[in-house]
Amino acid sequence: MIKKIILTFITTIALIVNVNASSDGELLLKKNNPAEVKECWEGFNRASFALNQGLDKIIFKPVASAYRVLPTPIKSGVSNSLDNLSNVVTIPNNILQGEFSKAGANTGRFIINTTLGILGLFDVASKLGFKEYEKEDYGQTLAVHGTGPGCYLVIPVLGPSTARDAIASVGNFVGGDPWYNITVANETRYVSDFDYYASKVISGVDFRAKNYDSLENLNKNSIDFYASVKSLYLQDRQQKILNSKKITDTQNDSDWEEIEN
Amino acid sequence: MFKKLFSIIFVLALLLSNVLALEADIFVQSTVDKASKLLSDKISKEEKIEKLKLIAKDTVDIEGIGFYTLGAVRKNLNDVQKKEYAKKFEEYFLKSFSSRLAEYTNPEIDVFGKEVINENYTIVKSKLKATNERPEIKIDWRIYTKNPDQPLIRDLIIEGLSLARTQKEEFASVLSSNNGEIEALFKTLEEFSNK
């Protein structure tokens, strides 16, 4: 019953957020352009951002600092395992986006790396020639089907997001994330709630450690750190939605032509 | 006879202009080699910063980036304000750019390709080699090639994220928090340059 209510709620909100039936590439680019994403709750967002910076200073930064000096094979193993685990959300989203060949390749990668790669510690699939694709989530799937990002949102502890992505992430807790289903939602013999939350915390530490210098550098050299993080997050989301890192795909070149006049 | 002579002069001039025109990828590789050599020199951080500023002045279109960063607001500025903005932006940019780079010691960057977008822009592709502490990073360079003899850097795109675009949105945020007052942006830039 509760599941049904939540699903109805998500669908209704998703429709309000800005649904457009078209998924034409140019429209997708325009809709997810960082400059077009509305700032509806700036006061809340800045307060939440300050809270997250405080948490980062006392928890994440020191832990990430210790983590990054671990031997490279350990860090690679952790990173590979997390990447492998993320396939359980990527695969259903590949299917929902109509990317069936990617779903097949990712399923192959997941099976090989979980078995031969010892729970994902080693990326055997890449060595066997399986191409690695971008991670997908329910927010990206809604975007691909034409839902606009809505307003920018900074979630306490979790960090930057948008209204669409925050709502879509609820999909993980109502059956869309098999890892959540076997750890938190249902009791199983081998894994528990702890494994789920530990994987999320380690994922955060791994991300912070990989971007340690870049974030320090950005903070030191920004005139508005909040705005810099917002821009980088939204650019990153845009390229994930478009599945392209090519600047000519993600940026309208007329911006640059304009300064010639 | 004259026709032949003209043809020969024309062909020679054409060949010479092609030789003189600096290819965008060669320009980027020589710039990063210069910066990389400087960063691995055993000199103080302050000296590195001063020398990096000189490299940036020669190879980056600071004025062009400044006006791109300001966005549509620049159309409302008078000539005096434009001049003041260009001066303050240059100081801000050189400080920000050089202190960002000065953190790296001996960065190894390999240029591996380029994509000509139009006669004004070429995107040069490169990779910053991985170290024990960070993975390999893909860096693209937006090169302004309107004057083929003197290409200039207009943007750095790190793993698909544009630094110029980030800066533009940062400036827009400062302006919007201050009711669009350009003086407030001048003050912020000045504070950054003096800190």
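**Close-up views of a predicted two-chain model**

View 1. Where pLDDT is low, predicted coordinates should not be read in detail. This is a predicted model: local features need pLDDT of at least 70 and side-chain atom pairs 80 or more, while totals for chains, interfaces and linings use all residues. Residues are numbered from 1 along each chain as its sequence is written, and chains are lettered from A and ligands numbered from 1 in the order in which they are written.

**View 2. Contact between chains A and B.** Chain A contributes 26 residues and chain B 28 residues. On the chain A side, helix 11 (212-220), helix 12 (225-242) and helix 13 (247-250) each give two or more residues; helices are DSSP runs of H or I, at least four residues, numbered from the N terminus. Helix 12 of chain A provides the largest share, seven residues.

**View 3. Largest nonpolar core.** A nonpolar core is a set of buried Ala, Val, Leu, Ile, Met, Phe, Trp, Tyr and Cys residues joined through C-beta atoms within 7 Å, buried meaning 20 or more other C-beta atoms within 10 Å of the residue's own. Among the 33 residues here, Val28(B), Phe93(B), Val124(B), Trp141(B) and Ile143(B) touch the most other members. Helix 5 of chain B supplies the largest share, six residues.

How values were computed:
Two residues are in contact if their C-beta atoms, placed from the backbone, lie within 7 Å. A residue is buried if 20 or more other C-beta atoms lie within 10 Å of its own, exposed if 12 or fewer, and partly exposed in between; C-beta atoms are placed from the backbone.
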